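Please consider the sequence and the model shown here. The explanation below leads through them step by step.

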Amino acid sequence: MADGEHAEAFHAELLRRRERGELPAVREIVPAARTVLLDGIHDGVHDGTGERTPGERTPREHAAGARERFARDLASWRVEPPQREGREPVEIPVVYDGPDLDEVAAIWGVPAGEVAALHSRTAFRVAFCGFAPGFGYLTGLPERLHVPRRTTPRTRVPAGAVALAGPYTGVYPRPSPGGWQIVGRMPDPGALWDPAREPAALLVPGTPVRFVAVGAGAWDGGAVALPAPRAGDVPAGRARAGDSSAGGPRVGDSPAGDSQVGT
């Protein structure tokens, strides 16, 4: 697809059509930076007898036929631009004291103290999830504030790190390697991913997000309340642990060939 906005619109259209029962049966619908993956398309189930009449298609042939028909149908779809609903944003508290704050400030051409103001004034939205359960790729920064990944990735980024790369902002839900520019930290990142909650991910595709600057000394774990995800944020059953649409890991979430999408 041309860009992330087209992918977001296409993803929304797929969800609408699935809700209306207009899609072939699929196991997963997974948005990414410029693509949407539909996994497990099929158009019928073999009767299980183990016998086939002459000319009867195998289950694999049925699936291939369904994919071909669906691909032809897609070409005729009219996809509307993404609709920005009037949902209240999820507010993420951030202490802006990251190790790459000065470098990001230099790229932006502002004093280090201005990074928090510029970043927290931006209206973000979760474009897609991947890399790790609960990790959302947030868009919203204007092009002049895009930054490159670090030349040398870190072997360990702490949980809660708020980092930038290319057009994206992300909050690391757990310790992991990473090459994004760290500008701050979410003091209590446990809310980002909770397998016991439905949905498990706080930040699912389409969620509006606002970062709230807090002082390190003032943080007591309750200064800013994080709202619980609402059941309507994703279709029922789509954000359980391991569900790729909510940030569960799967092959292809962090393409090595895309220096800005990978973490």
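The structure is a predicted model, in which local features need pLDDT of at least 70, side-chain atom pairs count only at pLDDT 80 or more, and totals for chains, interfaces and linings use all residues. Residues are numbered from 1 along each chain as its sequence is written, and side-chain values use heavy atoms, with hydrogens and water left out.

Strand 4 covers residues 124–129; helices (H or I, at least four residues) and strands (E, at least two) are DSSP runs, numbered from the N terminus. Of its 6 residues, 5 are buried, so strand 4 is largely enclosed by the rest of the structure. Here buried means under 20% relative accessible area, exposed means over 50%, and partly exposed lies in between, with a 1.4 Å probe and protein chains only.

Two strands pair if DSSP finds at least two bridges between them. Strand 4 runs antiparallel to strand 5 (residues 136–139), and 4 bridges join the two. Within this pairing, Cys129 has Gly136 of strand 5 as its bridge partner. The two strands form a hairpin with 6 residues between them, and Phe131 in the turn has a positive phi of about 70 degrees. Strand 4 is also joined by 2 bridges to strand 11 (residues 208–213), again in an antiparallel arrangement. There, Phe124 stands opposite Val209 of strand 11.

The whole structure contains 4 salt bridges, each defined as a side-chain nitrogen of Lys or Arg within 4 Å of a carboxyl oxygen of Asp or Glu. One of them links Arg185 and Asp97, whose closest N and O atoms are 3.0 Å apart. Because Arg185 belongs to strand 10 (residues 181–185) and Asp97 to the loop between strand 3 (90–94) and helix 3 (101–108), this pair ties together parts that are 88 residues apart in sequence. Arg185 counts as partly exposed at 35% relative accessibility, and Asp97 counts as partly exposed at 40%.

Asp100 is buried, with a relative accessible area of 3%. Arg150, partly exposed at 25% relative accessibility, forms a salt bridge with Asp100, the closest N and O atoms being 3.1 Å apart. Arg150 lies in the loop between strand 5 and strand 6 (154–157) and Asp100 in the loop between strand 3 and helix 3, so the contact ties together parts 50 residues apart in sequence.

Asp100 also meets Arg154 in a salt bridge of 2.9 Å, N to O. Since Arg154 lies in strand 6, this pair ties together parts 54 residues apart in sequence. Through shared partners, salt bridges join Asp100, Arg150 and Arg154 into one network.
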